[in-house]
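Visitor: Please show the structure, and let us then work through it by question and answer.

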Amino acid sequence: MATTPALELINIHKTFGDVEVLKGISLKAYDGDVISILGSSGSGKSTFLRCINLLENPTQGQMIFNGSELDLVRGDVDLVPNNMKQLTQMRQKIGFVFQSFNLWPHMTILQNIVEGPLHVLKRPKHEVMAYAEHLLEKVGIAEKKHMYPNQLSGGQQQRVAIARTLAMDPQVILFDEPTSALDPELVGEVLGVMRNLADEGRTMLIVTHEMNFAREVSSDVVFLHQGKVEEKGTPEEVFGSPKSERCKAFISSVF
Amino acid sequence: MDFSVVIEYFPRLLSGAWVTLQLVLLSVVLGGIFALPIALARISPVAWVRAIPFGYIFFFRGTPLLVQIFLVYYGASQFEAVKNSIFWPILKEPFWCAIIAFTLNTSAYTAEIFRGAIQAIPKGEVEACKVLGMTKVQMYRRILLPRAFGIVLPSYGNEIILMLKGSALASTITILDLTGMARTIIARTYTPIEIFLAAGAIYLLISMLVIFLFRQIELRQNRYLGTQSIQLEDKS
């Protein structure tokens, strides 16, 4: 285990109006960790994930990526980035896969994938193209590269979204319920791709409702309840012998 | 009714139509160029930056185009400073006064159309830009503005047609556009029905061209929507 965590979150709080959604969550992810974040709806797991790369501004807390802390200052209510350049550079290394894919519909599959490495990272075109082809091959949609997102099924779109994230060579990938918007028969193909990524040793944080997947793939499991970490441990510990009552009830309700 | 006057004066009507086309094209192009920064300022997170275009749009949408034309044409010459400035050769020409008024007017409307289109982009697509680590400039230049372009087309085509019809007001400040020319001919021939029918037909033709053109651009630009979402499946 490395000495410095790839990603460390300390005491993250988030308040929407009067509602405190996150009540101080801390988490460390080392290189190669696959951490599943579980919890019933409303437990704050998606909000937590979105706070990591500041899609939501946390109300309080610290974010440390590769040993350097993200520079945050107090805005009107929430903490806001003090240094946009630092934030964009950090985001370039943290991939994010959305529940609703969020591909750009006016661009082809290939254009969606090469946009980031080509125009954000400014890598040479031949290199980016070759890598994009390789990624499309890997997620199993090479033959659809000139089609538009609307012409693909949900599962295919999500695989494109994963390829778009991978094209940036992220050090950590965050998955926000990547299969929740999919028809049941399409869930498997996306989980298959994610399983391969985990096997490659990628560092991943996954918010999911797929319990079997979380159990098999994760190195660690975190169970959130009402904005707090209720239980954390290895999949064997959390699924096999949960200590807290709520976690026990949650596990038994889904299995 | 005697439609031979239409044939006789048709070349004059066409030269009027050419002036109308120049008025519309110039003001739409200039207005479109001004509209973009106005629209971007309008969605700025900074309150005072938002306030400036808000006031501008409020004025130009809230007052009649005719009043705006008169303000530029009769108003500007009231000031000695304007008469002595390097802009006077331009400001003394009715044609350029009309262009200025039209440009200001259409840029206010177009800015609102652009703003609506940018804000109509689903939030998730904007977040997809953010998580790749794009800067604001990259986000707008690479993704959001091209995306908004497809959304903006139908209402933008509409604005151009409104501008075409609004351009008839140029005839009130001595410009011989299509309407101005028609009135001049009628003053000589006393055949208002024939000549106005002919002028109306020419306006209609130009509108049709604009509609056709925008339809073509729309089909090309929005081809990503795919045909399968509109066409029903063949059951056979």
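Visitor: Which residues of chain A does UniProt list for "domain: ABC transporter"?
Guide: This is a predicted model, and the range comes from an unreviewed UniProt entry. Within the span, 38% is helix and 27% is strand, and its end C-alpha atoms lie 27 Å apart. The record gives residues 7–251 of chain A.

Visitor: For "domain: ABC transmembrane type-1" in chain B, how far apart are the end C-alpha atoms of residues 17–214?
Guide: UniProt lists this domain at residues 17–214 of chain B, again in an unreviewed entry. The span is 83% helix and 0% strand. Its end C-alpha atoms are separated by 20 Å.

Visitor: How many residues does the largest nonpolar core have?
Guide: In soluble globular proteins, nonpolar side chains tend to be buried together. The residues with the most contacts inside the largest core are A:Leu7, A:Phe48, A:Ile52, A:Met63, A:Leu205 and B:Leu23. The size of this core is 105 residues.

Visitor: Which residues does A:Ile52 contact, leaving aside its neighbours within four places in sequence?
Guide: A:Ile52 is among the residues with the most contacts inside the largest nonpolar core. Leaving aside neighbours within four places in sequence, the partners of A:Ile52 are A:Leu7, A:Leu9, A:Met63, A:Met90, A:Leu174 and A:Leu205.

Visitor: How many residues are in the second, separate core?
Guide: Members of this second core include A:Leu118, A:Val128, A:Val160 and A:Ala198. The core is separate, and its size is 37 residues.

Visitor: At what angle do helix H2 and helix H6 of chain B pack?
Guide: Two packed helices are described by the angle between their axes and the distance between the axes. Here helix H2 covers residues 47–62 and helix H6 covers residues 94–120, and the axes are 9 Å apart. The crossing of H2(B) and H6(B) is left-handed. The packing angle is about 115°.

Visitor: How many nonpolar residues take part in the contact of H2(B) with H6(B)?
Guide: H2(B) contributes B:Tyr56, B:Ile57, B:Phe60 and B:Arg61, while residues of H6(B) in the contact include B:Leu104, B:Ala108 and B:Glu112. By class, two residues are polar, two are charged, and the nonpolar ones number seven.

Visitor: Is B:Leu178 buried or exposed?
Guide: B:Leu178 lies in helix H9 of chain B. Leaving aside neighbours within four places in sequence, its contacts include B:Leu13, B:Ala199 and B:Tyr203. The relative accessibility of B:Leu178 is 0%, and because values under 20% count as buried, B:Leu178 is buried.

Visitor: What is the phi value of A:Asp169?
Guide: A:Asp169 is located in the loop between helix H5 (154–166) and strand S9 (172–176) of chain A. With 39% relative accessibility, A:Asp169 is partly exposed. Its phi is positive in a residue other than glycine, near 50°.

Visitor: Does B:Thr174 count as buried or exposed?
Guide: B:Thr174 sits in the loop between helix H8 (136–166) and helix H9 (178–189) of chain B. Phi of B:Thr174 is also positive in a residue other than glycine, near 70°. Because its relative accessibility is 55%, B:Thr174 counts as exposed.

Notes:
Residues are numbered from 1 along each chain as its sequence is written. Chains are lettered from A and ligands numbered from 1 in the order in which they are written. This is a predicted model: local features need pLDDT of at least 70, side-chain atom pairs count only at pLDDT 80 or more; totals for chains, interfaces and linings use all residues. Side-chain values use heavy atoms; hydrogens and water are left out. Helices (H or I, at least four residues) and strands (E, at least two) are DSSP runs, numbered from the N terminus. Buried means under 20% relative accessible area, exposed over 50%, partly exposed in between (1.4 Å probe, protein chains only). A nonpolar core is a set of buried Ala, Val, Leu, Ile, Met, Phe, Trp, Tyr and Cys residues joined through side-chain atoms within 4.5 Å. Contact means heavy atoms within 4.5 Å. Axes are lines fitted to C-alpha atoms, for helices over the stretch in contact, and angles run from 0 to 180 degrees between N-to-C directions. A crossing is left-handed if the near helix is turned anticlockwise from the far one by less than a right angle, and right-handed if clockwise. Ala, Val, Leu, Ile, Met, Phe, Trp, Tyr, Cys and Pro count as nonpolar, Asp, Glu, Lys and Arg as charged, and the others, Gly among them, as polar. UniProt positions are given in the numbering used here, feature names are shortened, and annotations may be inferred rather than shown by experiment.
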